[in-house]
Amino acid sequence: SATLVFRAGAADEPPAVGGATVLAARGLTEGTERYDAIELVEAAERLGATLHAEAGWDAVSAGVDVPASRLGPALDLLAEVVARPTFPAREVERLRDERLNDILQAKAEPRRRADEAFAAAIYAPDSPYSRPAGGTRETVERLDAEALRSVYRRTVDPARLTLVVAGDVDARATADTAEELFGSWTALVEAGPAGPIVDRPAPAGRHVRLIHRPGAVQSEVRLGHVGVPRRIVDFHAVSVMATILGGLFNSRLNRKLREEKGYTYGAGAAFDLRRAAGPFVARSAVRTEVTVPAVSDMLAELVRIREQPVSDAELAAARDFLVGVFPLRFETPGPVAGALSGLVVHDLPDDELARYRRAIESVTADDVLAAAQGRIRPDRFAIVVVGDGDAIVRDLEAANFGPLAIEREEGPIAEAPAEDEEPGPV
């Protein structure tokens, strides 16, 4: 499994072309100077290989999975994809239309609408994190082949490039092949060092935003604020704390809202750790009539974890879970390459993965308490609710969680089953 990683992503693109980086990554495999899209697929299939390219907030990557004996030709094909894409206008239009349809669908789905509204509520308007990584309707509509070529020229800079290879391969031969294919690359005209990412929070204390969806039978609830980047000194303590709070089936939030109260099929909380400060969010989907009690209970748990040490049983369960699932991430070459790519993207030490389990096992209850007190700030919470405002607005006002703003949407509603809200690992 080989991956080319560029340490620049959607967070680095100009606001006017929001979504261009994600589309450009998808467009890499839609045609090159030697192959059109179909010929590229056929060339990969002849090698028994699978090509893929994607972009997120932090990075653009392109990779290939192939039998080890054919790694050399596969790397040549990967170089073709990354170094010589053409971004055919017809394929770009198709990708753009698919994204526009996805944006319409996101607005109709309460869960995705809540996620987007939450990001806009916690970040300042000039932060890229305040919008979806894939762009908004206003920005995506303006994207064309030249816009994608422009963001490609800004991103594909050898100074940001790392090649990660995982598998049963000859290291020296692989290095020689990499030097031959990629050693002569030079920066394109528009490439340059990435500037700092704006992750400033919105200028507001605790407040409530209600998005009214008439007739909704459940409410999507989000609570949180701007969190922390990946590179923090208390990363392992934060991981254990978040697991206890909302990363396990028997986490505090899930026990309270699902097991004790029966409000939901699942509740959880997590830090989204990015190159800059990503969001911290607690989330659930609850029945409409228990929306306000659910918010109250979520707030109570978020405050409680800051006020007293966790129990020995909670600490042991969280540490055992994180240590236990860690090896499962490395069963095949693909995830190994992905984990090493993460070290590159976040500029982490080479031994970060090797010392992970020991660091998790050494986290104490006092460490968890300190992490909660330093990283969770209930006074800064944005509380976002997507649901039937007519049924819950009076209770929200009476609860006095904070200043209340109401946004009414009369469009189509696509109710997502609450069963999908099962919490997963942090």
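Hi everyone, let's start with Arg252: this residue counts as buried, because its relative accessibility is 3%, and buried means under 20% relative accessible area, exposed over 50%, and partly exposed in between, using a 1.4 Å probe and protein chains only. Before I go on, this is a predicted model, where local features need pLDDT of at least 70, side-chain atom pairs count only at pLDDT 80 or more, and totals for chains, interfaces and linings use all residues. Residues are numbered from 1 along each chain as its sequence is written, and side-chain values use heavy atoms, leaving out hydrogens and water.

Back to Arg252, which sits in helix α10, residues 252–260. Helices here are DSSP runs of H or I with at least four residues, strands are E runs of at least two, and both are numbered from the N terminus. What does Arg252 touch, not counting residues up to four places away in sequence? Among them are Glu301, Arg304, Pro309 and Glu314, where contact means heavy atoms within 4.5 Å.

Now for the cores. A nonpolar core is a set of buried Ala, Val, Leu, Ile, Met, Phe, Trp, Tyr and Cys residues joined through side-chain atoms within 4.5 Å. The largest one has 52 residues, and Leu223 and Val240 have the most contacts inside it. Helix α9, residues 235–246, gives the largest share of this core, eight residues. A second, separate core has 46 residues, including Leu47 and Trp185.

Last stop, Gly338, in helix α13, residues 333–345. With 43% relative accessibility, Gly338 counts as partly exposed.
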